[in-house]
Amino acid sequence: MQLPPALHARLAGAPGSAEPLPVERDPAAGTTPFSFAPRLVRFPREHDFFEDGDVQRHLYLQDVLTQVGGAPERPRRPSARVPEFTCQVAGCCQVFDALEDYEHHYHALHRNVCSFCKRAFPSGHLLDTHILEWHDSLFQILAERQDMYQCLVEGCTEKFRTSRDRKEHLVMRHLYPADFRFDKPRRSRGPAVPGAAEQVLAEALGDDRVPSEGDAMEVCSEHVEPSPEPAGERRAYSHRIPSTICFGQGASRGFKSAKKRNKHQ
Amino acid sequence: MWSRQRGGLKPLRCGVEQLRCRRREREAALRKARREQQLVSKRLLRDEALEEAEEGCVAMIFGEAEIQQFLRLAQRGTEEKEREGALVSLRRGLQRPETQQTFIRLEGSIRTLVGLLTSNQALLQLEAARCLHELSHSEQSAVVEACLPATSYLLTYLSGHSSDFIELCLYTLGNLIVESEAVRRQLLPQGIVPALAACIQSPHLTVLEALGYALSQLLQAKEAPEKIIPSVLGSTLPQHMLQLLQPGPKLNLGVAVEFAWCLHYIICSQVNNALLITQGALSTLGLLLLDLAGAVQRTEDAGLELLACPVLRCLSNLLTEAAAEAVGGQLQLRDERVVAALFILLQFLLQKQPSLLPEGLWLLNNLTANSPSFCTSLLSLDLIEPLLHLLSVSNVVLTVLCNVAEKGPAYCQRLWPGPLLSSLLDTLAFSDTEVVGQSLELLQLLFLYQPGAAQAFLQQSGLQALQRHEEVAQLQDRVHALQQTALHG
């Protein structure tokens, strides 16, 4: 199919078009036995007309078409082995020998970390919610009078009076698992006995917990257990329990005593 | 663009003929699936770099005891490397359907895997996610649906920042989505649409391509027009999609392909195309068409037809919307470069993917039907002859010519003389009643508006050509009318 040579130049040229020719219809046009009239045509999803293109699309998805766009625009970073290096974040001594591994480690464990209690979260959204519910005394005050516990699902604007109500909403409305790991009620146990702290961890993570790295060799987990004390104070003893990825509940109630706090959970 | 998967076994040692054969088989299977409305494809993300590192080790079939051991090690091992290693072995075993079956039947296995997915060890998370990904790709429903307990976590992780991990979660979700309506009935209330809407703001191309894939799977679902598309349209997804389709230096082909298909599924479902038009869809797609035409002239083999197809479809369907007329004032819709671009693409398709030509011609019909401007462009850009060249491909060519001719004498004058007459005489020789019927319609218009056309027709033995069809039911009346006009004016 020969295209006029000027066509390519036209494409590269400025937008615009020639003045349309005058339209002048004869009433006899398209009259019986003729019937032509210009029609816009639309095809719905399942129409056979789309079969060829759809099949091509799926061949591509299944990688039977191995055509890829020229030079790779995003070359897959090879798992470059590098000399071992340690995570530079204070308190973390994880060792790596591949950059990719480090990227995920950093984002998973150090990116969204609560500066109060050192817990790590999978996203900024969950971190923000945590800080609000655990470390913001204003939140506690407001929560006594209005629904403050926001649904965790992005896009859902429902709020609840208690974290339990929220959990129920998550399960019933959003089909979340009842043991969703980022919504465990925290049971603060006051001064920690290593065993008790481990128990907290166990509860937070559910039955098949990943065992704590409570190993005599492990010195990097200097993460602090969330404080039951009024906001501002922090218990400073160190644990061998690594920071849990835990969106816990039972935020410290500011100035209330430990006893009363537990009842609310 | 997608460059990393090898579904099933690597076809490394296949000859070219074997590959072609495999492709034909796949194509036949896909056609059959489409006719049964079961067109489903999954993607498997296997890291080539990892594969190379593990080269030489064939994926084994593991039994219960072995799987249990791997899980136990991964969960409770003391050495980090040991735990990772156990999961890696498990993941490789899960490449085999037999291992997958054994795995899902083992009590507590999924629970453990989900536990590892949400553990505080980033590398265990990653490996656990890879295991899930293998399962999601299975052809066995039972295996895929075993992944359901993990979905809330996969969605949660979409708001994270680790691009590789998110990419993996997205492809896994995409595979799950396409498995069954039951799966989607869980994912929708879990907030997959808002999760995707948040994730689409990622700057990473790999994430975007994966997201496009997952979204296209969601939009392709049977129940999408009622249950999914309205909420997608209500989110910020359409605006972001259109942004990602803007031509320019930032346009990435792999990403654009996915979102163009997403747009196609939305538009052809006809839920609320007016909304898309107000968001500038016509304008963006028009510019993209121009860009594509430029690209096909520059690059040889880049898979551009994969993008051309959905763009052509989207434009064609959008043009049928009433709202399109309202924005008809916009330059793009009267810009003759659109016609130029379309023909350049038609030429490209003629060489690369002739089966897509009808789709290109469909767009040409919708462009010219009610537009004196585009009809004029066809004439002033000298495109009638190239158009006639495509007569054998589709009778939409005749329809387009009728679109031009019916606008009156000024248009017919420019159609005449030229190769049109001989082409028409050719088509009259066809036995296809559709084609002949259209030719007759065109002849009527030419006789009506172009003095001398009837004469020329007679001189070229037009009457004989007509005679063939005198007895055909659908054609008789028109044949006689034309014979009358030709003979008596």
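# A guided tour of chains A and B

Display both chains together: about 11400 Å² is buried between chain B and chain A, and carbon and sulfur atoms give 55% of that area. Buried area here is the accessible area (1.4 Å probe) that two parts lose on being put together, summed over both. R34(B), N120(B) and H161(B) supply 7% of the area that chain B buries against chain A, more than any other three residues.

This is a predicted model, in which local features need pLDDT of at least 70 and side-chain atom pairs count only at pLDDT 80 or more, whereas totals for chains, interfaces and linings use all residues. Residues are numbered from 1 along each chain as its sequence is written, chains are lettered from A and ligands numbered from 1 in the order in which they are written, and side-chain values use heavy atoms, with hydrogens and water left out.

**The interface**

Select the residues of each chain that are in contact with the other (heavy atoms within 4.5 Å). The selection holds 145 residues of chain B and 104 residues of chain A. Across this interface, 54 residue pairs are in polar contact, both residues being at pLDDT 80 or more. A polar contact is a pair of N or O atoms within 3.5 Å; within protein, one must be able to donate a hydrogen and the other to accept it, and residues adjacent in sequence count only if both atoms are side-chain atoms. On the side of chain B that touches chain A, helix α22 (residues 336-352) of chain B provides the largest share, nine residues. Helices (H or I, at least four residues) and strands (E, at least two) are DSSP runs, numbered from the N terminus. By class, that side of chain B has 60 nonpolar, 51 polar and 34 charged residues. Ala, Val, Leu, Ile, Met, Phe, Trp, Tyr, Cys and Pro count as nonpolar, Asp, Glu, Lys and Arg as charged, and the others, Gly among them, as polar.

**Salt bridges**

Side chains of opposite charge can pair when their charged atoms come close. A salt bridge is a side-chain nitrogen of Lys or Arg within 4 Å of a carboxyl oxygen of Asp or Glu. The count over all chains is 30, and between chain B and chain A it is 10.

Select D54(A) and R313(B), whose side chains meet in a salt bridge (2.8 Å, N to O). The pair joins two chains, because D54(A) lies in helix α2 of chain A and R313(B) in helix α20 (residues 305-318) of chain B. Both D54(A) and R313(B) are buried; buried means under 20% relative accessible area, exposed over 50%, and partly exposed in between (1.4 Å probe, protein chains only).

Within chain B, select E223(B) and R184(B), whose side chains meet in a salt bridge (2.6 Å, N to O). This pair links distant parts of the chain, 39 residues apart, with E223(B) in the loop between α13 (205-220) and α14 (224-227) and R184(B) in helix α11 (residues 181-187). E223(B) is buried at 7% relative accessibility, and R184(B) is buried at 8%.

**A loop residue at the interface**

Select Q94(A), in the loop between β1 (81-86) and β2 (95-98) of chain A. Q94(A) counts as buried because its relative accessibility is 12%. Its side chain makes a polar contact of 2.4 Å with that of E80(B). Not counting residues up to four places away in sequence, Q94(A) touches F85(A), T86(A), C87(A), H105(A), E80(B) and Q121(B).

**Helix α4 of chain A**

Select residues 124-135 of chain A: this helix, α4, has 12 residues and reaches 15 Å from its first C-alpha to its last, close to the 16 Å expected at 1.5 Å a residue. The expected span is 1.5 Å times one less than the number of residues. Its buried residues are L126(A), L127(A), T129(A), H130(A), E133(A), W134(A) and H135(A). Their cover includes α5 (137-143), β3 (149-150) and α6 (163-172) of chain A, together with α9 (151-157) of chain B.

**Backbone features**

Most residues other than glycine have a negative phi, and most peptide bonds are trans. The peptide bond from T32(A) to P33(A) is cis, with omega near 5°. P33(A) lies in the loop between α1 (6-12) and α2 (51-61) of chain A.

Finish at L175(A), which is not a glycine but has a positive phi of about 55°. L175(A) is in the loop between α6 and α7 (194-205) of chain A.
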